[in-house]
Amino acid sequence: MTKFIALIPAAGSGSRMGNALPKQYLTLGNHPMIYYAIKTLSSNANIAKVFVVLSPEDQDWDHYDWHEFSAKLIVLNCGGATRAESVCNGLLAMQQNNAVDTQDWILVHDAARPCLTTLQLDKLIEEVCEDPVGGLLAVPAADTLKRGDAKHRIVRTESRENIWQAQTPQMFRHELLVKALQQTEGKMITDEASAIEAMGLSPKLVISDSYNFKVTYPQDLALAELIIYKRSIA
Ligand code: CTP
Ligand code: MG
């Protein structure tokens, strides 16, 4: 039977956050940020395993107790120089461990999206599991879009029609995703869907909402904190 397997790339340094501690370990509520992604993914009955890809130089993972996730959690120390490299290394490592079949679904999810909900995750799985290509959570662009120049002057207003902001999880079959990432190696790829698109395929956009934002800058951390706190008292 086809399995659903989560892969969390967590080998980044969080340079835009400007904190010496990689952002996936910054405290949110009572836990490091990555805890929430692991919790939501491993709590989902459809998901068989949750792989976390750390940097080989990671110094922080072992400072925390991950025992509550031991039934599903597997840690790989094979992160690379880019997100795409970390994901590709993780996919190859799980293959070497015989933990995956070629047609299994892989759900790649950023460690830095702690506010993913079970509802969003279920919706993605339901809407993509019969799809021949795969898909991702995304939100239709809400703001007016301006094309700017190097001096921060507006060149023109871009149409918002059919523009989406990509989120994660991004869900593709193992074999297809490895092939796509290997073919785009060395190119500037910031998500899995871009690699699939480069093969001439059109991943499915599954409507999500802005709660599943990526924590990138310090103010994002404050917002995530508010959301996590509100959920903890609900
Ligand atoms: N990531 C990774 N390996 C890398 C770079 C990023 O596994 N070489 C992971 C991050 O840890 C994060 C996700 O990819 O979970 C999304 O990347 P991003 O938000 O860009 O995180 P960072 O690269 O850490 O942040 P920054 O770009 O600000 O340095
Ligand atoms: Mg980055």
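Analyst: The account below treats the ligand site and then the aromatic rings.

This is a predicted model, in which local features need pLDDT of at least 70, side-chain atom pairs count only at pLDDT 80 or more, and totals for chains, interfaces and linings use all residues. Residues are numbered from 1 along each chain as its sequence is written, chains are lettered from A and ligands numbered from 1 in the order in which they are written, and side-chain values use heavy atoms, without hydrogens and water.

Ligand 1 is surrounded by 18 residues, the closest being Pro-9, Gly-14, Ser-15, Ser-86 and Lys-214; a residue counts here if one of its heavy atoms lies within 4 Å. Polar contacts are pairs of N or O atoms within 3.5 Å. A polar side-chain atom of Lys-23 is 2.8 Å from an oxygen atom of ligand 1, and a backbone N or O atom of Ala-10 is 3.3 Å from an oxygen atom of ligand 1. At Gly-80, a backbone N or O atom lies 2.9 Å from a nitrogen atom of ligand 1. Taken alone, ligand 1 exposes 560 Å², of which the protein buries 88% (Shrake-Rupley method, 1.4 Å probe).

Turning to the rings, those of Phe, Tyr and Trp (its six-membered ring) pair if their centres lie within 6.5 Å, and planes under 30 degrees apart count as stacked, over 60 as edge-to-face and the rest as tilted. The count is five aromatic pairs. Trp-61 and Trp-66 are stacked, at 4.0 Å centre to centre with 10 degrees between the planes. Ring pairs join Tyr-25, Trp-61, Tyr-64 and Trp-66 into a cluster.

Conventions: A polar contact is a pair of N or O atoms within 3.5 Å; within protein, one must be able to donate a hydrogen and the other to accept it, and residues adjacent in sequence count only if both atoms are side-chain atoms.
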